[in-house]
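Thanks, everyone. I will take one model and go through a few of its local features. Please have the sequence and the coordinates open.

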Amino acid sequence: MLPVVMQNLSKRFPTARGELAAVQEVTLTVEGGELFFLLGPSGCGKTTLLRMLAGFIPPSSGRIFFGQRDVTLLPPEKRESAMVFQNYALWPHMTVSGNVGFGLKVRKLPRPGRQQIVREMLQTVRISDKATARPMELSGGQQQRVALARALAVRPPCLLLDEPLSNLDAALRAAMRWEIRRIVKGAGTTAIYVTHDQAEALAIADRIAVMNQGRIVQVGSGRELYENPASRFVAEFLGQANFLPGQLAGAADQDGFYQVRTQLGPMTGHGPAGLEGRSVTCCIRPESLRLMEQDAPGGVNRLTARLVEWTHLGDSARFRLVLEGGLEWIGAVMPARASGPTDRQVGLKVDPRDVAVLPAE
Ligand code: ADP
Ligand code: MG
């Protein structure tokens with residue numbers, strides 16, 4: 001399976017006022033067979049990076065390797081990649097089969113072999129019954145599958161996907177992401193998947209690179225990024241988070257826990273080495289806040305707050321808190337536990353393992 005290596009990859013676009021650095025010094029190795037996500041807000045450079053990998057635009061500097069092969073300056077058709085575009089870009093005048101078989105025809109594969117592969121691909125994406133339909137007769141989800149089948153039909157060692165689910169409604173989006181993982185893993189292809197949707201990335205990624213303003217700011221599994229974000233940006237981009245600024249009292253103890261001086265008193269949390277003496281932010285996920293009576297016994301990371309609101313979201317319930325100094329936090333519990341009057345003082349507790357200490361930005 002094909003590893004994809006990016007070395008110091010940058011793209012600058014000329015603008016009326018000089019240059020825009022869309023992608024800056026990206027160095028990254030995607031392992032062969034990996035389902036790898038590029039995740040970041042709109043405009044952070046995801047599509048630009050993907051288009052450089054596909055060969056649609058040349059980098060301003062840096063190199064791209066597919067396996068041992070330097071493909072930096074190769075045109076798209078000489079690379080071992082296929083791309084699924086955000087708007088699917090199906091050919092409207094061709095049938096579903098025609099679309100899926102097109103790449104094979106271009107590669108001059110004889111008709112019988114071509115038909116065989118098209119049949120298999122349609123089965124894989126579960127759309128065989130629409131083989132003779134035209135794209136305009138299909139729903140968004142069906143078009144998305146055809147686009148995927150078309151890209152996979154040429155058996156690309158590297159599949160590039162640009163927000164492939166963004167035009168679908170929520171239920172179909174959730175179902176299709178598992179289909180994509182199943183298909184990609186079944187084909188043994190290396191896949192690089194671009195999205196701004198953190199839920200999509202957390203659900204199916206092997207690893208995620210979070211991007212901001214053209215740069216990669218952290219790489220890891222979804223769980224690593226969620227539990228140990230390296231910055232407030234990453235913490236806020238992957239899920240909800242509560243923050244509490246403070247100062248580090250000293251070095252970490254032998255178990256790696258720091259004592260943080262905050263406006264709410266001392267807090268204990270975990271963080272990377274080398275934060276001694278720095279301004280930091282404690283990051284606490286909503287589901288880590290344990291709600292209790294105001295006068296319940298204390299201990300480490302025991303706080304009080306004003307509970308101001310409950311919100312039911314179906315699979316969870318959220319509560320809004322106002323803490324001393326006007327800090328606003330959000331907590332989460334199972335819906336059945338969402339009860340009790342609002343606008344009252346409550347107690348809170350957080351396990352030190354659920355307090356991530358981040359350098360202040
Ligand atoms: P994303 O896919 O993460 O939303 P893009 O890669 O499309 O972001 O864009 C990154 C930045 O580069 C944006 O500021 C965008 O306006 C700019 N950009 C993208 N393509 C071009 C182009 N062809 N010419 C000039 N600027 C561009
Ligand atoms: Mg984009």
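Start with Lys 11, which stands opposite Val 23 in S2. This is a predicted model: local features need pLDDT of at least 70, side-chain atom pairs count only at pLDDT 80 or more, and totals for chains, interfaces and linings use all residues. On conventions, residues are numbered from 1 along each chain as its sequence is written, chains are lettered from A and ligands numbered from 1 in the order in which they are written, and side-chain values use heavy atoms, with hydrogens and water left out.

Back to the strands. S1 covers residues 4-15 and S2 covers residues 18-30; the two are antiparallel, with 9 bridges, and a hairpin of 2 residues links them. Helices (H or I, at least four residues) and strands (E, at least two) are DSSP runs, numbered from the N terminus. Pairing requires that DSSP finds at least two bridges between the strands.

S1 also runs antiparallel to S4, residues 61-66, through 5 bridges. There, Met 6 has Ile 64 as its bridge partner.

Next, helix H4. Gln 144 sits in H4, residues 140-153. Is Gln 144 buried or exposed? Gln 144 counts as buried because its relative accessibility is 0%; the cut-off for buried is under 20% relative accessible area, with a 1.4 Å probe and protein chains only. Leaving out residues up to four places away in sequence, Gln 144 touches Tyr 88, Pro 164, Leu 165, Leu 168, Met 176 and Ile 180, where contact means heavy atoms within 4.5 Å.

Last, the overall division. Domain 1 is 4-227 and domain 2 is 240-359, with bounds from an automatic or database domain assignment. Their C-alpha centres are 39 Å apart.

Definitions and conventions:
Buried means under 20% relative accessible area, exposed over 50%, partly exposed in between (1.4 Å probe, protein chains only).
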